[in-house]
Amino acid sequence: MTKKMSKAEKVKALRDKLKKQDLGGGGAGFYSPKVGKNTIRILPEVGDMDFFFQPVGRHFFPDKRAMYCPSFTTEKDLDCPVCEIVRELHNIGDKQSKKLASNLGVRRSWWMNVIDRNNEDAGPLMYTPGVMVFNSIISLINDPDYGDVTDIDEGSDILIDRDGTGIETSYEVHGRRKESALTDDDDLLDKWLNDAKDLSYVEVSEDSSEDDELSEGHAVHIVPYDRIVDEFGLDSFGDDEDEEAEEETANRRPKRKTRRKPVVEEVDDGEEDEASEEDEGEDEGEPAKEVNRRMARRSRRR
Ligand SMILES: [Zn+2]
């Protein structure tokens, strides 16, 4: 190994490294509520987003690699080989299998663009709340006193009171009582909506070298089923069922008619520091659906 890298080489290495980083919350461009009181404004959908949020499921592997769960992220349009393994592990049911299942299980979050009212100069940031905060936001939208809190003219700022850190973290979420515009400055409004990230997911191809091109700067990209199996060596799971598994894979295309729910582990929900005792036994995906319905009704009324 050469000891010295030129500056240009260093920058190139850094860029290559950054390219491969999973944009999984935290870090540059992401918002995280501080302990204490926070005020944010959720931005409406931009680009190809249908609504102001994108459900994002992620699986984390023991070797620290992470991937987006096709099933949860597409709201069950696509199958996920990892969720299938998690289900198998649950069925096996011994302690070790259950532990592995719980480590591999999908971590849920709902990505959105926000303005940090205490740091508006930062512009739009990605916020990746877990189920607790997201449910509170849904409650506000369902509350006739608030409605669409993301409306640029008549929406409301959101107050997030964060207590504690790590697994002790809890959040309280309220809406500002008074409705307000996102901003009164038209130029700034355009800039913010323009700078906000298109969080809708994109599907990339079997060829990983095309990822950058196909994901077109979208943060969330879905890798094809077979590529996930290859890249994460999932073939080695359930070796004694190889033939059966192969047959199943062959029958998997075109899409299966009956979709099974992604298996969700309640260990956390996409945010390392968000406790999730609240959502035991909850039918996952429902919050997103409910808010979808609400938002669709609202936009039809317009
Ligand atoms: Zn999955």
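A residue is called buried if 20 or more other C-beta atoms lie within 10 Å of its own, exposed if 12 or fewer do, and partly exposed in between, with C-beta atoms placed from the backbone. Helices (H or I, at least four residues) and strands (E, at least two) are DSSP runs, numbered from the N terminus. The model is predicted: local features need pLDDT of at least 70 and side-chain atom pairs count only at pLDDT 80 or more, whereas totals for chains, interfaces and linings use all residues. Residues are numbered from 1 along each chain as its sequence is written.

The protein contains ten helices and ten strands. Of its 302 residues, 32% count as buried. Among contacts with a separation of 6 or more, 63% come from residues 24 or more positions apart; a contact requires C-beta atoms, placed from the backbone, to lie within 7 Å.

Strand S8 (residues 170–175) pairs with S7 in the antiparallel sense over six bridges, where pairing requires that DSSP finds at least two bridges between two strands. The two strands form a hairpin with six residues between them, and Gly-164 in the turn has a positive phi of about 85°. Asp-161 has Glu-172 of S8 as its bridge partner, and Ile-158 stands opposite Gly-175. In a regular strand the side chains alternate between the two faces of the sheet.

S2 in turn runs antiparallel to S5, with three bridges between them, and Arg-41 has Ile-115 of S5 as its bridge partner.

In strand S5 (residues 107–116), ten of ten residues are buried. Both faces are covered, with Arg-107, Ser-109, Trp-111, Asn-113 and Ile-115 on one side and Arg-108, Trp-110, Met-112, Val-114 and Asp-116 on the other. S5 pairs with strand S3 (residues 53–60) in the antiparallel sense over six bridges; Trp-111 is the bridge partner of Gln-54. Three bridges link S5 to strand S6 (residues 125–127), again in the antiparallel sense, with Met-112 opposite Tyr-127.

Turning to the helices, the axes of H3 (residues 81–92) and H4 (residues 95–104) come within 8 Å and cross at roughly 155°. H3 is therefore roughly antiparallel to H4. Axes are lines fitted to C-alpha atoms, for helices over the stretch in contact, and angles run from 0 to 180 degrees between N-to-C directions; angles under 35 degrees count as roughly parallel, over 145 as roughly antiparallel, 65 to 115 as roughly perpendicular and the rest as oblique. Val-82, Ile-85, Val-86, Leu-89, His-90 and Ile-92 of H3 meet Ser-97, Lys-98, Leu-100, Ala-101 and Leu-104 of H4.

Asp-195 belongs to helix H6 (residues 186–195). Asp-195 is partly exposed because 13 other C-beta atoms lie within 10 Å. Beyond its neighbours within four places in sequence, Asp-195 is in contact with Gly-123 and Pro-124. The C-alpha atoms of Asp-195 and Gly-123 are separated by 7.4 Å, although the residues are 72 apart along the chain.

Conventions. Two residues are in contact if their C-beta atoms, placed from the backbone, lie within 7 Å.
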